[in-house]
Amino acid sequence: MSSYFPVRPRPQNGESIKGYLLRLAKMNGHFNLGAIFHVIDVVFSEKHLIVSSPRFKELVNKLAPMLQLSEQVLFDAFAHSQHYDRHSKRSVFDITSSTPKVCAACLSETNGYLRSRWQHMHITHCAQHETALLDHCPDCSSRLEWSADLLDGCKSCGTRWKQVSALALSAVPSYQTAIDWLADTQVVSYLNALYLAAIRVFLPFELMKINRKECPFATEEAHEVFEAAYKLIISEDASQYHERIVDEISGALVCLDASALKKIVEPIPKLSLMSEPEGLGAWSGELRHGQHDVSTTMVSASQAGELLGISSGELNELSTGNMVKHTNLERSSIYQLRHIDTFIGSLVERANLLVGEVGSTYYRLSDLSKISHSYLFNFVECLQLIIDVELPLYCAIQANSLDAIYVDKRELIEALKDNEQSQFSRLLSMSELTKYFNVQPIKIQIMADIFEWQKVAVSRKSVKFEPSSIQQFVDEYILLDKWCAEELYPKSSLYSYLLNHGIEPIDNPKEDKSKLHIFKRSPLLLDVIKQFELDWFKSKAPSQLKQILQITQPPVLSDSSRLAFELRCSPGKVLP
């Protein structure tokens, strides 16, 4: 086998890597890319054709000697040919077409070659000949294929580009020519906006904020899509188009109205650097209806959480608890708007109407976790408890999220207290215990060692705790971190008071790692704490107590502190 190719063409300005390899194959009697890779003894992969990939360096290393070129010369020939092909922060990561696109007139010329920019989805015309690029044979309508014959004509029917009748002239569209007079940094911003608008035009009812690997539309649809997208980013039509999308979606839903949906629609930026060319014409802004319509509108987990007014973790609990259906897409959970709407509707249906301002006696369902973790209930367990014990719900006339649906705070806390013991019937995670005891994980680890809490390995990296030993600890000891989480007074004050009255905490053999404030539960301890509370509240002026309450805002206030506050600050007035 020869150590170099008999015919060794030089790369042309703006030539694509794949196009160059096909030209090399054709001039040396081969038919496709695979033959070239076989000759240079490299197992082909698409990554060999990506300049930023280490595989491209492998290709250059093997190919350069057989072209009698230096590696640097060959690398430099294509170094900037894919500058805009891929961008991790763009709504479409890879904007190249997998189908070849050609200009018949360019390839009919002597030494015709394939341009790298032709493969960009938004490049739909040949600027030199002012004709639309071809991705199908004009004679047999077959889709063009990547083969050495592509340089001469259609592989399927044998039509040669030189035989193709003169194509009708077609003005190069503004969305394509705009790039030619923009600076590099402006091109990046322009393409980000153009492709976001293109997706919104092609899939108006798909609201997910995701980065696609490739364009969702075919090359033959690109011109119409990009023309509409360009009009959106250079005019004032984008906001009206958004409103049209939101209105149509909300019209098919019950609870999720336009005001809620507007929060999650990613706006199409209007580029001030672009000017509207003359004769562009107005776009009707009609919404495209296809496979994706209102009934299948999907949103990401973050968008669904924003609509419901809860965190992604709480949303995941709803999904795990089968309260809101979800689908997995590329390792991420996505949600249909109609399922979210149905879930909210099921809660609104059982709610009583609230008239006037919502008082402090009511608690938002979106805030349940702030209370529930103190009783070993996670978000969905708390919501299920509300449903199971039939606690009354309340909402305004138009409730479109969990932010606008309420439960009576006192009734909720009573229900949690009454059912707290039932939560000690399952394994408890480190995360649950840190929230329950109001401490950092290091303290849970020390407590587990001191009190010999039994651990159960649930995976290679995580353990859970057997509940009976923890329940025993709760019954026999008082941890000041948890106790004071429901009080107005600080832990340090109570701790000092107990020491001054001769009540010592349990021994902590790991005092050097973290200080514990754990006391053996006893009638004496409870009496001393009760006396401390009386003394502490008497020592504070009503104005001080009101300020402390306003600053600390404990989600749950113990009965003793609530009563002491009411007697001291608001006789006759009941705190929530």
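Predicted model: local features only at pLDDT ≥ 70, side-chain atom pairs only at ≥ 80, totals over all residues.
In α7, Tyr190, Ala193, Leu194, Tyr195, Ala197, Ala198, Val201 and Phe202 meet a set of α8 residues: Glu221, Val225, Phe226, Ala228, Ala229, Tyr230, Leu232 and Ile233. By class, that contact has 15 nonpolar residues, no polar ones and one charged.

Now the geometry of the pair. α7 covers residues 184-202 and α8 residues 219-234; their axes come within 8 Å and cross at roughly 115 degrees. So α7 is roughly perpendicular to α8. The crossing is right-handed.

Next, Glu266. It sits in the loop between α10 and β3, and it is partly exposed, at 31% relative accessible area. Beyond its neighbours within four places in sequence, Glu266 is in contact with Leu196, Arg200, Lys209 and His242. From Phe226, Glu266 is 40 residues away in sequence and 18 Å away in space, C-alpha to C-alpha.

On to salt bridges. How many does the structure hold? There are 21. Lys443 and Asp481 form one of them, at 3.5 Å, N to O. Lys443 is in helix α18 and Asp481 in helix α20, so this pair ties together parts 38 residues apart in sequence. Both residues are buried, Asp481 at 8% relative accessibility.

Asp481 also meets Lys491 in a salt bridge, 2.9 Å from N to O. That pair links α20 with α21, 10 residues apart. Lys491 counts as partly exposed, at 25%.

Lys510 is in the loop between α21 and β14, 61 residues from Asp449. Asp449 is partly exposed at 39% relative accessible area, and Lys510 is partly exposed at 26%.

Key:
Residues numbered from 1 in each chain as written. Heavy atoms only, no water. Axes fitted to C-alpha atoms, helices over the stretch in contact; angles between N-to-C directions. Helix = DSSP H or I, 4+ residues; strand = E, 2+ residues; numbered from the N terminus. Parallel < 35°, antiparallel > 145°, perpendicular 65-115°, else oblique. Left-handed = near helix turned anticlockwise from the far one by under 90°. Contact = heavy atoms within 4.5 Å. Nonpolar A, V, L, I, M, F, W, Y, C, P; charged D, E, K, R; others polar. Buried < 20%, exposed > 50% of the residue type's maximum accessible area, 1.4 Å probe, protein only. Salt bridge = Lys/Arg side-chain N within 4 Å of Asp/Glu carboxyl O.
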